[in-house]
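Take a first walk through this structure. Start with its aromatic rings, then turn to its nonpolar cores.

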Amino acid sequence: MPLDHRRVPGPEESQAPLLFVPSGAKESEPPPAGAAHRDPTALQPLFEFRRAPFSGRGARGRPSDREPELSLALQEALEPAVRLARYPRAQVDVSALLLQDGGSALAAALCAAGLALADAGIELYDLVVACALCRAPSEGEWLLQPSEPEERAAAARLTVALLPSLNQVSGLLGSGEGGPPDSWAQAVRLGLDGCQRLYPLLRQSLLRAVKRRTADTQEPSEREEAVEPPVVTA
Amino acid sequence: MASVVLSEAEKVYIMHGVQEDLRVDGRGCEDYRCIEVETDVVSNTSGSARVKLGHTDILVGVKAEMGTPKLDRPNEGYLEFFVDCSANATPEFEGRGGEELGTEIANTLYRIFNNESSIDLKLLCINPRENCWVLYVDVLLLECGGNLFDAISVAVKAALFNTRIPKVRVLEEEGGREIELSDDPFDCIRLNVDNVPCIVTLSKIGYRHIVDATLQEEACSLASLLISVTSRGTLTCMKKVGRGSLDPESIFEMMETGKRVGKLLHSSLQTVLDEEEKLGSARKKVGFLG
């Protein structure tokens, strides 16, 4: 094969050897908003959002219709919460499968994925709580956690994901005719409020799961879960 | 995405500069780099534009083709977006490397046009339920120098402004309908792009946010907010990008900044487009030689 002489035959990115020092060696942990030092040879986490072909109303959805976008939204909302620095050379697979779309699907998937990560014992900075909002056409009110018919008729839709105890917004995805920034700001506030209200509920369910598990096996056994499919039934 | 690797010292240098409202290239936090816009650069398209924003280089071509309207919108045409990341931009895009970024950008473009006011799609309808114009918007990414989304949205708006769709007439005959193309090539419809939104990406660096980040600045920022603003200051899309999280208060601040900067961006873009339009055929085309 002829060589390409115009390019330097080396790695595309050069990295300082310091980067390869295992991050566990240092006691100081990076803050959630700070740069998470990860072993660059580590595998990237995989986030996947799939919808069953029969999940929506009407025509059968093409599989690749909106999935890449929603998968990316899932990744961007969950990544700030996971302490990836603690898992060098590991891969965390999160796959959400939407069985039936009853509205607020992405928000439900985010909550479910956050819970599943916590249930799997993966170290998190905080639980991820998400809320969906939509706004009826012609200057309507913003509605929290809309149902499917409401969502279909809406002029604007928004999904907000929050790390409640850190008060950090980890995900935000919305579009449509929402009007001026003030209206969107109002929607974000309403969404954050909704997330705060949802938070105790998710915590309780986690607690219940742990209690049930300890009751089942007298001594809590440490389980490793590489892949956990949080099934979303919205 | 194309990215650069910076040392800690370089990052600190950039972050301290941003804190003092003075960036590495001498701009303030809310300043764009110089934008070069040229329309009508590719003659085989219905409309085209090339935008250079710093080192970011975008070519957009719009082709109008006849198609059938979508089932749920029988009397409207539609837009299709395709983003091609050329391997000339960065070696990472070789083969299928740029595909992921391409679909991400295309999805964002669908999202910002996903409302009824940005473009009058009813204008694109020829025959309800049967024929309509489909505008294929092809974005070619020639060089990445940071702030891709903003540059692409400016280029898409310029290309849509430049788009000329031939006028057609529908003739009713006993055997069915027939579509007749106008004989005059200058007899065409133009799109109203007043409400076409532009994307403003606000990157959070330290405690402040900046618009139009360069590649180096993007490497310092963990999270950014992408909003699309129309010339009247309404938001049509809002999205957090990046692997970090944002404080709620900073989101509200960023939205206000985005609206202010976006309005300014729209008005200056419109002036440039109108000026270019006035020159008419006397305009000397620069193309890729300039």
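The paragraphs below cover ring pairs, charges over rings and nonpolar cores.

This is a predicted model, where local features need pLDDT of at least 70, side-chain atom pairs count only at pLDDT 80 or more, and totals for chains, interfaces and linings use all residues. Residues are numbered from 1 along each chain as its sequence is written, chains are lettered from A and ligands numbered from 1 in the order written, and side-chain values use heavy atoms, without hydrogens and water.

Rings of Phe, Tyr and Trp (its six-membered ring) pair if their centres lie within 6.5 Å; planes under 30 degrees apart count as stacked, over 60 as edge-to-face and the rest as tilted. Over all chains there are 4 aromatic pairs. B:Phe82 and B:Tyr136 have ring centres 6.4 Å apart and planes at 20 degrees, so they are stacked. Elsewhere, ring pairs join B:Phe81, B:Tyr110 and B:Phe113 into a cluster.

Charges also meet rings. A charge sits over a ring if NZ of Lys or CZ of Arg is within 6 Å of the ring centre and within 35 degrees of the ring normal. The charged end of A:Arg189 sits over the ring of B:Phe252, 4.2 Å from its centre. B:Arg190 has its charged end over the ring of B:Phe161, 5.1 Å from the centre.

Now the cores. A nonpolar core is a set of buried (under 20% relative accessible area, 1.4 Å probe, protein chains only) Ala, Val, Leu, Ile, Met, Phe, Trp, Tyr and Cys residues joined through side-chain atoms within 4.5 Å. The largest has 120 residues; A:Leu158 and B:Met238 are among the members that touch the most others. A second, separate core of 8 residues includes B:Ile14 and B:Cys220.

How values were computed
Buried < 20%, exposed > 50% of the residue type's maximum accessible area, 1.4 Å probe, protein only.
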